Amino acid sequence: MNTLNSKRRWMPYLWLLPSIVLMAIFVVFPIAIVFKLSFSEISKSGIVGGFIGFKNFKDAIGLPAFKTVMVNTFWWVLSVVGLSTVIGFALAMVLNQKFHGRKIARAIVVFPWATSLVIQASVWNYIIKFEYGNLNNVLLNLGIIKQAINWRSSYTIEFIWECWVGIFVTIPFVTFCVLSGLQSIDASLYEAATVDGAGFWDKTWKITVPLVKPSLTVSTVLNIIYVFNSFPIIYTMTKGAPANKTDTLITYLYMLNFYDRKKGPATALSVIGFVILCICAGIYMVTVMRKEEEE
Amino acid sequence: MSPEVLKKQNRTALLLMVTAVLLVAILLSLPAYVFRAGVYTKKSSNTVVGDEKYLSVLDEVNAVADEYREKGFDVSVSESVTERTNSKGETTSLVTFNISQEFTRNGWSFLGAGLSSSLILVVLLSCTLLSLACAVAGSLGTMEDLPRRLDACSSMLRSAAGFFALAALILVPVFVMNNTVLFSRKLSLYNAGTVTDGAEAFYRKIGAFLFGDSAGEDPSGALKGLTFHSTAAIWLTVVPLFIMILAAIQLRHGSISETLMRGLLYAFVLVVCVVTLYPYYVMLVSAFRSNAETNDMYFLHLLPTKWIWSNLQDIVNRGVLRYLLNSGMIAGGATLIAMLCGIPAAYAMARMNFKGKKAFLGFVIMSQMFSPVVLLIGIAQLMSTLKLNDSILGLMFINAAFNQAFAIWLLRGTFVSISPEMEQAAKIDGCNTMQSLLRVLLPMAAPGIVTTLIFIFINAWNEYTISTVLISTASNRPITVGITQFSSFNMIEWQYLFAASLLATIPVVILFMCIEKHLVSGLTSGGVKG
């Protein structure tokens, strides 16, 4: 009896073991390594020296591009997450209506989600080329413009294009999150509201938005993290050029580590990014856990 | 509504349609385009405006202009002055006199011209007339019926009336845009000599349309300085066509506002779909162009002039199949590992109670946040310690580990939603836990498992950042890294880049479309994203 009991007690951990081992090695270990490196002296060739306190962090913050990069990261996350949430929400409202061809429309909307970011970025890179890009070709052919337009005349505009591609690939995720929330809303609520004389906006603000809020929170927080971590779009379209003016934290630390060989500050930036993410993750976790408890 | 009122209402709608068709006919007979073509140029150098030489040349030019006027042409004289300093240091002017002929063409004159615009106009007019015909035919003998009591045939005819009117409406901007391309873009490219294919036939056609028989065999000279603009008349045809749509809606549904909302909805969905598909269109057509065409800034066409299928052969020769195979292996291996580790963990989380369950769940959710990108440096270090860098196996493990959270989360959701009674029954029948999991729970959870499986596969297939850091041997590259070999700093082989992208995209998009329906229900239970 005793053995059975202790077996019972140990069983769950045995079932969890493969998963724990996998994540311990490939997720937890790299975290530990990054933290250790950020407090160590690292030579250009990657030889790790002793503990040097916060010197790497001071170096990182002292880099000339640091401020630009942080501001860019802020705008990148804010614009991509904000706009894709608004557009995705509207799109979900529309796709939740019954109409002919809804299935096809849904299948098409999901396309950018299934496509690799590096491919998506390459295509847009070609589309907005000034000399021979497809956008100029199409607009000229439609007679909408008379002269080819330089779509990337300054780095600010290039950064806006990068944000657009970010929005473009993020919309499907928001749409489907909101859609899953919308589908769980009881239709009788709307009918009752209609009987009470509520208009479209009343129904949207007083029924739809509050009930979709949980899905919206999940999608927004996850998006903040994914967009923050997004690397291929900026790396493919501008590589952060000119002079880190279009870099975000992630692309910058990549360039710093693998091109400029400033490994110390790069690991420090990694840790800074990680801490920012952890704060977001913490907020997210609390929300989800609370939701779990409610259920 | 009484039959009398309905009859009156329907009659008004039909009357509106007839009026609208007449209006379209009238608008088409008004001048639609104003052209201005140069017929005579005289340059006079070393003069000053107002001096003798200038006056004599002006007289000469005016005489020529009068000659044209006598022949019945509407011509005007214009002059432009360029200041110059000659070799003696005196400032003189170069005066250029232009006699240009201004003339108009109305909509009807396009009909017999044999241009692409003529065809569009024919279709536009047919649609308008068909719309009217359908509305009349659909109302014969049913004028007093409520819209919802109509028999199938008349309701179909009335709907068709609306659709034909809509088609005609859409064709108006198509017509105008096509004219812009004909008289502006194509003409200027031919004039500049950047495009020469089919120039002669093009000049002859346009010349015959604009100048009639007087154009002669080579009208290209007269077309050099052609300018034109459309008038309001051609755009105004949109108004009666819109009225026709409204009248058709009135006939079909009785209520207009609801249908208009519906129309807006379709328009919105259409715009979204067009924008979404646009990059895929670019990928598709660019993949089959020649390199010269992908880099041609004067490229005229929306589709490749010749579909070059050998691009596919070329990329295969450059190792794309190997990359696809690698991607398949990485994604397949990662999925397998993630599922082998994830299913037992999810099972334990769904069916067992133990200490630290909540902490583990918290960790799972947290780890969903850790994109491998921010840990890139740590991962690179770890992999070289484990001797797993530059290997497909290493990428399998990394992808599996970073998708583990998602696997557990989604599978747990699936397992929880299935009642444990069946498994308990199986256990009473003598199965152990393992057997009940394999024989009872997994088959029941199949849809959720397939969704998870495909999702992890796609995530791993599309992964780029880690692979680009870890893989240095060409033969180990996955496709996402492999396609970057077509774009170097000085030259990008767009056609190969897109052909390879196409091959990398098609399978995952199809897979994704398969799980799209399940994804909507799966998403509520937890966060998912690639």
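Reply: Strand β4 (residues 227–230) of chain B runs antiparallel to β1(B), with four bridges joining the two; strands here are DSSP runs of E, at least two residues long, and helices are runs of H or I of at least four, both numbered from the N terminus. Strands count as paired when DSSP finds at least two bridges between them. Within that pairing, Phe35(B) has Phe228(B) in β4(B) as its bridge partner. β1(B), residues 31–47, also pairs antiparallel with strand β3 (residues 91–106) of chain B, this time through 13 bridges. There, Lys43(B) sits opposite Thr96(B) of β3(B).

Keep in mind that this is a predicted model: local features need pLDDT of at least 70, side-chain atom pairs count only at pLDDT 80 or more, and totals for chains, interfaces and linings use all residues. Residues are numbered from 1 along each chain as its sequence is written, while chains are lettered from A and ligands numbered from 1 in the order in which they are written. For chain B the mean pLDDT (the predictor's confidence in each residue, from 0 to 100) is 84, with 96% of residues at 70 or more. Model scores are ipTM 0.89 and pTM 0.82.

Zooming out, chain B is split into domain 1 (3–20 + 108–294), domain 2 (36–106) and domain 3 (310–525), with bounds from an automatic or database domain assignment. Taken over C-alpha atoms, the centres of domain 2 of chain B and domain 3 of chain B are 75 Å apart.

Then there's the partner chain: 82 residues of chain B are in contact with 84 of chain A, contact meaning C-beta atoms, placed from the backbone, within 7 Å. Helix α21 (residues 494–525) of chain B gives the largest share of chain B's side, 15 residues.

Methods. Contact = placed C-beta atoms within 7 Å.
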